[in-house]
Amino acid sequence: MTTVAEYTVNSEVREFLAGPKKLYIDGQFVDAASGKTFATYNPADGQKLTDVAHGEAEDIDRAVAAARRAFDDGPWSRMKANERERLIWRVGDILTARAEEFGQLEALDNGKSAAIAAAVDVAWAADVFRYYAGWVTKIEGSSVNVSMPFVPDGEFHAYTLREAIGVCGLIIPWNFPILMASWKLGPALAAGNTVILKPAEQTPLTALLLAEVFEEAGFPPGVVNVVPGFGDAGAALSGHDHVDKVAFTGSTEVGKKIVDAAKGNLKKVTLELGGKSPNIVFADADFDAAVEGSLNAWLFNHGQCCVAGTRLYVEDSIFEEFTQAVAAAAAQVKIGPGLDPTTQLGPLISQEQFDKVTGYLAAGIADGARALTGGKRFGDKGYFVEPTVFVDADPRFSIVQEEIFGPVVAALPFSAEEGPIAAANDSIYGLAAGVWTRDISKAHRTAKRLKAGSVWVNQYNGFDTAMPFGGYKQSGWGRELGASAIDLYTQTKAVNVAL
């Protein structure tokens with residue numbers, strides 16, 4: 001078992017890890033139909049944490065049937081809006097009360113800092129549920145003053161209704177398990193849908209703990225179902241004829257498979273996919289703020305972040321000084337397990353991800369890039385990689401073009417004459433971008449020309465629950481968060497009554 005004894009872990013987390021980890025279907029914790037389980041591991045030391053019920057296609061069928069009944073036959077669809085509002089708000093309150101527990105479990109299963117997980121991931125997830133609880137009573141249609149020119153003597157009353165889509169399959173990634181669950185569950189439930197949540201096989205634990213929260217909050221059976229499993233479970237959910245919508249966060253490669261699977265019944269699809277985001281530093285930027293912000297851009301969550309600013313474009317007149325400063329700051333980052341309260345940079349999620357990232361490090365050096373700092377693994381156990389700053393990189397190198405999903409940045413200079421726009425937009429992705437400058441006109445002009453769903457000026461990772469988030473190009477379809485997410489989980493009905 002895990003070496004959690006080396007750190008202070010609260011009794012609730014220990015009790016949860018020691019107990020059975022079952023699927024949550026129709027308001028009950030049940031074994032997988034096959035009886036199979038799979039292990040989940042602590043990425044800080046590679047040791048097994050616990051075993052989890054292994055959901056497969058038959059279990060997806062059971063969960064979809066439960067969600068279908070809860071939507072079609074009630075009581076969820078017949079519940080008053082303010083009743084659903086109170087239930088969703090209660091989830092946020094319970095998360096706040098159990099933030100330390102969720103943070104520690106996230107640290108064990110994902111590797112991230114427990115303190116950061118509690119203060120950022122769990123706190124934000126609670127905020128997301130409260131935000132969307134407020135939306136429940138504000139989903140409205142409108143009256144329409146129709147002309148009906150081909151019925152000149154007629155009188156009509158026309159209006160629209162915003163209605164829930166139905167049963168939604170929600171597939172979340174391993175980099176922000178509890179947070180990504182909230183981004184999808186909050187608006188889906190606020191709009192009146194029922195859901196099947198399929199967490200990543202690497203990080204199923206907080207999703208199962210969240211099932212306990214929904215039970216504690218008093219949600220009717222079948223409204224929320226949680227089925228951990230592997231890709232086959234995700235495929236079964238995406239292709240299921242009784243699922244009306246699928247929402248996925250993950251790689252672009254898998255996102256394309258989701259689209260193919262959804263074609264059978266033409267279910268609605270939302271995709272938040274990969275990124276290779278540019279972070280642009282002009283010579284007139286606040287130097288110290290830009291260094292700190294640029295470091296956060298690619299080290300946040302160990303670089304395992306779809307918006308990570310891993311292409312660092314710096315104006316040539318300050319390029320050497322700036323990259324040296326970023327490298328020096330990166331070299332001082334405290335690396336360690338997530339349960340260590342002093343840790344700033346935790347491990348990568350798995351051996352597979354570790355091999356992928358170290359492969360990119362080797363490829364970058366082989367291609368001719370130079371590491372100002374880092375460039376290799378850290379320590380001799382766990383999946384730790386040194387923060388790495390590459391310079392002398394050609395735009396065609398894999399470290400510049402491909403999503404690495406680790407603590408690695410490639411810095412490239414640009415001239416004032418040519419500007420950074422063409423290089424920044426030279427990517428199949430378009431998820432996010434950063435701009436650093438004291439010139440407000442330059443900031444607005446640059447933001448307008450960047451092909452990215454989010455542009456952050458004089459900051460990075462400038463998220464807010466009320467702001468829409470999503471990508472251009474191969475970074476996805478649709479926008480999560482804000483009012484935009486309500487659009488993703490509702491459909492419009494037009495009603496025209498002859499009087």
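Gly275, Gly303, Cys305, Cys306, Ala308, Thr310, Glu403, Ile404 and Phe405 line the second largest cavity. This is a predicted model, in which local features need pLDDT of at least 70 and side-chain atom pairs count only at pLDDT 80 or more, while totals for chains, interfaces and linings use all residues. Residues are numbered from 1 along each chain as its sequence is written, and side-chain values use heavy atoms, with hydrogens and water left out.

A word on terms: on a 1 Å grid over the protein atoms alone, a cavity is a set of points where a 1.4 Å probe fits but cannot get out, and a pocket is an open set with protein on both sides within 12 Å along at least five of seven lines; lining residues have an atom within 4 Å of a point. Grid points are joined across faces, edges and corners, and a volume is the space filled by probe spheres set on the points.

| Space | Volume | Lining residues by class |
|---|---|---|
| Largest pocket | about 1,200 Å³ | 28 nonpolar, 14 polar, 8 charged |
| Second largest pocket | about 380 Å³ | 7 nonpolar, 7 polar, 3 charged |
| Largest cavity | about 70 Å³ | 8 nonpolar, 4 polar, 4 charged |
| Second largest cavity | about 50 Å³ | 5 nonpolar, 3 polar, 1 charged |

In these classes, Ala, Val, Leu, Ile, Met, Phe, Trp, Tyr, Cys and Pro count as nonpolar, Asp, Glu, Lys and Arg as charged, and the others, Gly among them, as polar.

Let's start with the largest pocket, which holds about 1,200 Å³ of space. Its lining has 50 residues, and Pro173, Trp174, Phe248, Gly250 and Ser251 are the closest to its centre. Helix H9 (252–262) is one of the elements that supply at least two lining residues, and H9 gives the most, with 6. Helices (H or I, at least four residues) and strands (E, at least two) are DSSP runs, numbered from the N terminus.

The second largest pocket has about 380 Å³ of space. Of its 17 lining residues, Ile116, Asn296, Leu299, Phe300 and Gln344 are the closest to its centre. H5 and helix H10 (287–299) each give two or more residues to this lining, with H10 giving the most, at 5 residues.
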